Each structure stands twice: as structure tokens, then as C-alpha cells.
Amino acid sequence: MARIELKSAEELRWMREAGLVVASIHEALRAAVAPGITTRELDEVSAAAIADSGATSNFLGYYDYPATVCISVNDVIVHGIPGDTELAAGDIVSFDCGAYVERRGRQWHGDAAFSVIVGDSFLSDEEFASGVRASGSLPGVDDNVLRERRQLDALTRESLWAALAALATGKRISAVGSAVEEVVARHGEINGWEAGIVEEFVGHGIGTSMHMPPDVLNYRVRGIQARLKPGMVLAVEPMLVRGDIASITDDDEWTVRTADGLDAAHWEHSIAITEDGVSVLTARDSGAAGLAPYGVTPVCLD
Ligand code: MF3
Ligand code: CO
């Protein structure tokens, strides 16, 4: 297994700075999402938030990726490129973005993603953790489609927090896959349909680059995985789909969609493992609200 970068306490504070930039981009995007806005306009919102923070986009120019954020609408699982697409009420949309700060001649990266249903008010982590869920109809949106999109979004969000909490209490990186599978199975019973866990794209280590060892799988596999160690930072990012996990990539060589055309959701945070516990670097409150239902109190690095 390739070497996993272990960060010092000082380096974790720099990664927290990058994480807070990502939190700010997310806040700006959430405030701007509305029916009729184009995904290109939302990329401009993201670019402005990064510039305001004095940080640099790690997406723009990554293998020639042309924007600061991936915006993935409905059947797009990941890597949707901002453009002329106008968001409509009821769309399930994920926003994945990141930034780095430069300290002592090296880059320190943050990476996180969230999903929204356009037209629903965004639930804070406090609200989500205490069980608040969107309800009611949206104009022009089929109630059954809307119900399943809300279920898909909520179970993906819950699977992320369950996985982050499992890293606080678990011994190995495999805690993530076990937690995601448990949430998916439980919601399958509740909802009467079971989400698919995308396997082609996985989480990753993060630090002086955006993508580093180890892979962080969202599903169980045979074989032993790396032991969690203080100084590790992982980007945990479950991608769940309404139907089959098979995907296809558009001619733009980025946009990844479900082959069956059914919906997808994506949630991600970067999380540090420390001597004293975990810290969710890309959550403004270090993950306090999201982890509370699991009895986990995060370390605050601010
Ligand atoms: N941030 C994505 C991930 O979560 C990767 C995006 S690649 C980019 O790992 F080119 F779109 F930036
Ligand atoms: Co990532």
C-alpha cells in the first residue's frame, strides 16, 4: 500500500484553513441556488468566494478541468461541468469544490461536496441531525419524484455522517464502507427501495495534493485495510444512486451519469484523525452538529 501522508499539528491547522475556505464556498453556493440560475453563474459565485478567501481553486485546471466547482444535476453522478444549464425546481444537484492555501511553499488542500433539491430550503447540519426533513410539494414537480429525491439526498447525507462518526470510533479505513452500507440497507427497508453505492469513484487521502493515498471505499470489500493513524486526513464522499450503479461518461470526458438515467446524490467532507479525536475540516463547526447523533464530539482545530 502506498505511503499515507501524516500531518503535524501545524499542518492540520493549515488544512483547517483550506477547509474553512471550502465551507465558505459552500455557504455562498447554497445562498445562490435558485430556479433559473445557470450552473455557469454558480461557478462564478464559487470562484468569487475562493478569491475573497485569498485561496486558490484546486479544481480549475486539474487535468484541464475548466471550472472551480463540479455541478452534477439529476442523473449526473459526479464531475458535471458548469455551463448553460438552468436549474429548475425539484432538480437534485450536487456541488463539489475545493481550494488550497499555500504555506511554507507547499499546498494544503480541502475538498467537500453537498447536494440540494432546488426549491427546498437547505437544512443546517443541526436541523438535519435532529431529524428535520423537507416536505410538501414544489410547483411543477411530481410528488413521487420529489419524495424519492429527498430520500436519496437524506440517506446520502446520513451515510456521510455515519461514515465520519465511524472513523472516530473505528480502527481501520474500512469503517467507512461498513457505515455507508449499513445506512443504505436500513433506508432500503424504510423507503421500500435500496440505493446503489457507486463503486467507480471513491474517497481519498488529501493533504499536499487533492488526491492522495489511500482510497476510501464506500462499500465493504474482503481483505484488511489500512489502520487509522493520527495525522491522516481523508476525503470521505459517498455517491449513491436511485437505480443501477453502472455509469457512462459524456463526450466532454468529465460528466459521469447513471447509465439508466436515474438520479444520483453526493456528499463529501475532509476529516482529520488526531490523537484526541476527529475533526471535520470542511465543516464550519468541525462536525459538532453532524456527529452529535453518534455520540461523537469532534476536536476543534481553530
Ligand atoms: N473533488 C473531486 C473529488 O471529490 C474531484 C474533482 S476533479 C476536478 O475527488 F477536476 F473536477 F476537479
Ligand atoms: Co474528493
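I started with the donor spacing: along the sequence, the residues holding the cobalt ion (ligand 2) run D-x92-H-x32-E-x30-E. Donors here are N, O and S atoms within 2.8 Å of the metal (3.2 Å for Na, K and Ca), and water is not among the atoms, so sites may look incomplete.

This is a predicted model, where local features need pLDDT of at least 70, side-chain atom pairs count only at pLDDT 80 or more, and totals for chains, interfaces and linings use all residues. Side-chain values use heavy atoms, without hydrogens and water.

Next I put names to the donors: Asp111 (OD), His204 (NE2), Glu237 (OE) and Glu268 (OE) coordinate the cobalt ion (ligand 2) at 2.1 to 2.3 Å. I then looked at the geometry, and with 6 donor atoms and angles of 52 to 175° the site is irregular. Six donors count as octahedral if opposite donors are over 155 degrees apart and all others between 65 and 115.

On to ligand 1. I found 13 residues around ligand 1, the closest being Phe59, Asp96, His204, His211 and Glu237 (near is a heavy atom within 4 Å). That shell splits into 6 nonpolar, 3 polar and 4 charged residues.

I also checked polar contacts (N or O pairs within 3.5 Å). To an oxygen atom of ligand 1, a polar side-chain atom of histidine 211 sits at 2.6 Å, one of glutamate 237 at 2.8 Å and one of glutamate 268 at 3.2 Å. The protein covers 95% of the 340 Å² of accessible area that ligand 1 has on its own (Shrake-Rupley, 1.4 Å probe).

How values were computed: Residues numbered from 1 in each chain as written. Chains lettered and ligands numbered in written order. Polar contact = N/O pair within 3.5 Å; in protein donor to acceptor, adjacent residues only side chain to side chain. Nonpolar A, V, L, I, M, F, W, Y, C, P; charged D, E, K, R; others polar. Tetrahedral: all angles 85-135°; square planar, octahedral: opposite > 155°, others 65-115°.
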